[in-house]
Amino acid sequence: MAATNIEFFTGSQGVQAERMKFVTSISSPVGVESLERIKAEIAPGAIHDSKERCDAPKCAPETRVAVQDDLYDWIVDGDGEPEQPKKIKWVTGPAGSGKTAIMGSLSERCVEGGVLAATFFFSSWSGSIGRRRKTAFVTTIAHQLAQYRSDLREEISRAIVANPDIFDKNLHVQMRVLVLGPLHEIGSRPDGSDLRGAVIVDGLDECEAEQYHDTTATGLKSRSPPARTKEKDQLEILQVLQMASADPCFPFRILIASRPERVFREFFSPHTNPTPFARKLDLHEDYNADDDITLFFEVQLSRIRRRYNLPDSWASSEIIRALVEKASGQFIYAATVIRFFEAVHREPPEALLASVLNLESTSNPLEQLDMLYTHILESSPDPPLSVRWIRSINTLLNTLILERDQCTASAINMLLQTDPESSEAEHLLGLLHSLIRIPPPSDQAKTRYEFYHKSLLDFLEDPIRCGKLHIQDAECLRFIWDGFNQACARGWDTRVSYPESFLALLAHLPLYLNFPSDSSPHTPAGADWWVSLAIAHQEDESLWEVFGMPHKSCPWYRCKPVCRVWSRAILRRLGSPTWIAPEVFWPQREWRRQVDTNPRFHRLVTKAIKDAQEKTSKTSNGT
């Protein structure tokens, strides 16, 4: 503290005194030192109005009004259950659906209404480590509560004085001492019952793992403990907030916004967590964002049109509709497009608009969107394999678009998983729920995978945009056929029982996908099994494709192994082992004519199908 000069009897004359005693007591305001201590332990950039968040996304005027109204009404009025209020609400949605923008705008609205108690905006992109990890979460909340009410400030200060080592404790202890303890003290007062407000936590799925290392241990004990995962730290924060909300003296409503990753789905599931939560708000399912995105494009493109004196026909309603369709309900696409226009470019606005609609520009107008997709995909335990799955799912869905009862999530899992009994699909895709809609296990046998945003597939198919995550179309096709060959090999094992829908998928898959020349069965027995399956399902065209397509890549002097294995399996089953496959030098027109009109092959297949039906009929009759 700086020295202070104190003068007595200034300007006086003739002052006499035999004995004088001066007692001065200069004290600092209540709790200043304690508040300075907690301030050193917070993540200031995580607070909604921090300078670090000066460019954070906000909802454009007159957009996302219904969502904000619903959330604000819940903060103020709850669910209409005053006896047992549900104090936690989960706001979720896929990547780019506008969660952070909504939470930011809602925070400002709560400030205006005097009901914002505290906020914490996690961000894995932040340069400050406090916004990326859990360490400063409770202290940052407590610091804001101390600013929210003077009586809370006094009680939090006293708690810090009474517990000088509190900042070295875990989050549960910090929550009990710094938040719940002071709330208990205030709750016992006559004016304590009027305390209310919102605690808003955004981007919790971006919280990274905090690692701890014992630097004092030596020898064998110096080995590092198993690395923590971000899911463990995210779950710890959820449990801390759940503990706080369960306390009767905790008067605040908690909003948690995150992508629909596994840890959140399980935590908020009534099947795994008996705690009654407020109804989940899903931005993708509960609200149609197309009208808001249309309004956003109309306002922003009109502003750009006026800036460059462009004609009224520029960015017409048809173009805006095309942009809205490309956005697929996700504001990140719309915001990225407008940021692209606002950047410095040599091209005129007309060319920029064409580059967005057609991606004809050499520059990348979707750089921020690409960064987001890369970040999410790399959170997978095996990003390259996860991308193979995503590309393969898309290929199968587009190829088998009319076979909805066959190309289900369960069927795709059985086709692509190395082990049909494993949880490989959940392992690879469990962290990617913000990009792909994954049906719950109970619905996977009758429900398909769905992609939230088609720009993800555009991104993965462009090697320049997705970089090291890119895989060639041929590699994707080979991955599918490897799964096909594995499924056939397992099918030959009588211990494996496939659902009928999956058997139908295997039977006619070759009719829809090009059969690669290097896709050899794992075993000849697997090829024999598939041929019998195709005959049982009367898939004569699939048989012809498997019989002929591999032969097209054979040299004139010898068939390749894949051709020999498949053709021999088919000819054996058709009872014509000496028949020769079509010549490789047939022109494409003649090849197609043979597919359509080859009478001998079709006679053999028809006979085999008839024999199989008779055998089945005899078996069913018990003869």
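Modeller: A residue is called buried when its relative accessible area is under 20%, exposed when it is over 50%, and partly exposed in between, for a 1.4 Å probe and protein chains only. The model is predicted, so local features need pLDDT of at least 70 and side-chain atom pairs pLDDT of 80 or more, whereas totals for chains, interfaces and linings use all residues. Residues are numbered from 1 along each chain as its sequence is written, and side-chain values use heavy atoms, without hydrogens and water.

Colleague: What makes β1 a strand, and how do you know whether its faces are covered or open?

Modeller: Strands are DSSP runs of E with at least two residues, helices are runs of H or I with at least four, and both are numbered from the N terminus.

Colleague: Why are β1 and β4 called paired?

Modeller: Two strands pair if DSSP finds at least two bridges between them. Between β1 and β4 (residues 252-258) there are 5 bridges, so the pair meets that criterion, and the two run parallel. Lys89 has Leu255 as its bridge partner in β4.

Colleague: What is the strand order of the open sheet, and which strands stand at its edges?

Modeller: The sheet has 5 strands in the order β2-β3-β4-β1-β5, with parallel pairing. β2 (116-121) and β5 each have a single partner strand, so one side of each is left without a neighbour in the sheet. Further in, β3 (residues 197-202) is joined to β4 by 6 bridges, and Leu255 in β4 is the bridge partner of Ile200.

Colleague: Why is a set of residues called a nonpolar core, and how many residues has the largest one?

Modeller: The term denotes buried Ala, Val, Leu, Ile, Met, Phe, Trp, Tyr and Cys residues joined through side-chain atoms within 4.5 Å. The largest such set has 101 residues, and Phe297, Leu301, Leu377, Tyr449 and Trp530 have the most contacts inside it. A second, separate core has 50 residues, including Ala46, Ala117, Val177 and Val201. In soluble globular proteins, nonpolar side chains tend to be buried together.

Colleague: How do you know what Gln330 touches, and why is it called buried?

Modeller: A contact means heavy atoms within 4.5 Å. Not counting residues up to four places away in sequence, Gln330 touches Pro94, Ala95, Gly96, Ser97, Ile293, Tyr452 and His453. Gln330 lies in the loop between α11 (317-327) and α12, and its relative accessible area of 2% is below the cut-off, so it is buried.

Colleague: What makes a space a pocket, and what volume has the largest pocket?

Modeller: On a 1 Å grid over the protein atoms alone, a pocket is an open set of points with protein on both sides within 12 Å along at least five of seven lines, whereas a cavity is a set where a 1.4 Å probe fits but cannot get out; lining residues have an atom within 4 Å of a point. Points are joined across faces, edges and corners, and a volume is the space filled by probe spheres set on them. The volume of the largest pocket is about 1300 Å³. Its lining has 42 residues, with Ala56, Pro57, Thr100, Arg339 and Gln368 nearest the centre. α12 (331-342) is among the elements that give two or more residues, and it gives the most, with 6.
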